Amino acid sequence: MQQLQTPHSKLHTSEFFGRRKGRPLRKRKENLLQEMLPEKLIVLEKIASLLENKRVWLEIGFGNGEHLAELAAKNPEVLFIGCEPFINGIAGLLALIEKNNLNNIYIFNEDARLLLRALPDNSIEKCFILFADPWPKARHAKRRFICKSTLELLHRVMLDKGVLQTASDHPVLIEWIKEQFSLSPFFEEVYSGYTEPKDWCETKYQRKALAAGRACFYMNHLNLHHHNYCGDKNAESCKNCQTSVQKKPTD
Ligand SMILES: C[S@@+](CC[C@H](N)C(=O)[O-])C[C@H]1O[C@@H](n2cnc3c(N)ncnc32)[C@H](O)[C@@H]1O
């Protein structure tokens, strides 16, 4: 685990295990990081007011940002948060923001768990976690992003019936994701299969996987009514709770 060198370092610890920097960047991208990034960066202390009264979609691990930029261009009325600690990927997204004149994307450049812990309840309408790092070795399973604790965080921050979209080309991760969702009382599967869901935007990693002949598996889950989890006093008289799945949160 790594202590963050940010204003939040005293409060939180990053559990991000991937690369933060790749090949040296060209001058133009370096300039974008210097000049454009500061105005796009999310300040966790101010996040509630930024999101107030907005429809918000979140992409965790946006890679080079092409999926996020396409979504943002197609949905100008939505505010997007992209989360990615890999600096070359952030520079790629900034270049797309500039090229397409997008003004509805904000960036969080650290471990998404820190963002999830800071987000207000019921604030995210849709969330995308596409081609997450598979960490296929059993001894690295704890590094996989989708797990019991992150599904709990996502459940809290997502709207009732909000859509969580996941995809992978790695058989180990596909089975893992299926299992995590099947154990979770917080999400209900509404689609899974090898065909892209409706309104899909391509990702760089997906393109590479398909070109290499690897099949991609896609899943959409709905966030379930919050009474299932929060034990709200009204849960017993709530029709949603009575009709939704009977699974209980595990310890
Ligand atoms: C295999 S890449 C896929 C990128 C992109 N979604 C795509 O499909 O092209 C996984 C990405 O997730 C990012 N990532 C991994 N762990 C993360 C975390 N804890 N928080 C935010 N991003 C993370 C990595 O930096 C990497 O860019």
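Strand E4 (residues 79-83) is mostly covered, as four of its five residues are buried. A residue is called buried if 20 or more other C-beta atoms lie within 10 Å of its own, exposed if 12 or fewer do, and partly exposed in between, with C-beta atoms placed from the backbone. Helices (H or I, at least four residues) and strands (E, at least two) are DSSP runs, numbered from the N terminus.

This is a predicted model, in which local features need pLDDT of at least 70 and side-chain atom pairs count only at pLDDT 80 or more, while totals for chains, interfaces and linings use all residues. Residues are numbered from 1 along each chain as its sequence is written.

**The chain as a whole**

The protein chain holds 11 helices and nine strands. Of its 251 residues, 33% count as buried. Two residues are in contact if their C-beta atoms, placed from the backbone, lie within 7 Å. Among contacts in the protein chain with a separation of 6 or more, 75% are between residues 24 or more positions apart.

Two strands pair if DSSP finds at least two bridges between them.

| Strands | Sense | Bridges |
|---|---|---|
| E3 and E4 | parallel | five bridges |
| E3 and E6 | parallel | three bridges |
| E6 and E7 | parallel | six bridges |

Strand E3 covers residues 56-60, and five of its five residues are buried. Val-56, Leu-58 and Ile-60 lie on one side of E3, with Trp-57 and Glu-59 on the other. In a regular strand the side chains alternate between the two faces of the sheet. Towards E4, Val-56 has Leu-79 as its bridge partner, and Trp-57 stands opposite Phe-80. Towards E6, Leu-58 stands opposite Cys-127.

Strand E6 (residues 124-130) has six buried residues out of seven. Its Lys-126 is bridged to Val-163 in E7. Ile-124 is also found in E6, and this residue counts as buried because it has 24 C-beta neighbours inside 10 Å. Ile-124 and Trp-57 are 67 residues apart in sequence, yet their C-alpha atoms are 5.8 Å apart in space. Leaving aside neighbours within four places in sequence, Ile-124 is in contact with Val-56, Leu-58, Leu-119, Val-157, Met-158, Leu-159 and Gly-162.

**Helix H8**

Helix H8 (residues 171-183) has 13 residues and reaches 18 Å from its first C-alpha to its last, close to the 18 Å expected at 1.5 Å a residue. The expected span is 1.5 Å times one less than the number of residues. Leu-173, Ile-174, Trp-176 and Ile-177 of H8 are buried. Seen down the axis of H8, the buried residues fall within an arc of 165°, so they line one face of the helix. That arc is taken over the directions from the helix axis to the C-beta atoms. The buried residues of H8 pack against strand E7 (158-168) and strand E9 (217-223). On the other side of H8, Glu-175, Glu-179, Ser-182 and Leu-183 are exposed.

**Around the ligand**

The ligand is surrounded by 22 residues, and the closest are Gly-61, Gly-63, Ala-112, Thr-203 and Tyr-205. A residue is near a molecule if its C-beta atom, placed from the backbone, lies within 6 Å of it. Helix H9 (residues 204-211) gives the most to this shell, with three residues. The shell divides into 12 nonpolar, six polar and four charged residues. Here Ala, Val, Leu, Ile, Met, Phe, Trp, Tyr, Cys and Pro count as nonpolar, Asp, Glu, Lys and Arg as charged, and the others, Gly among them, as polar.
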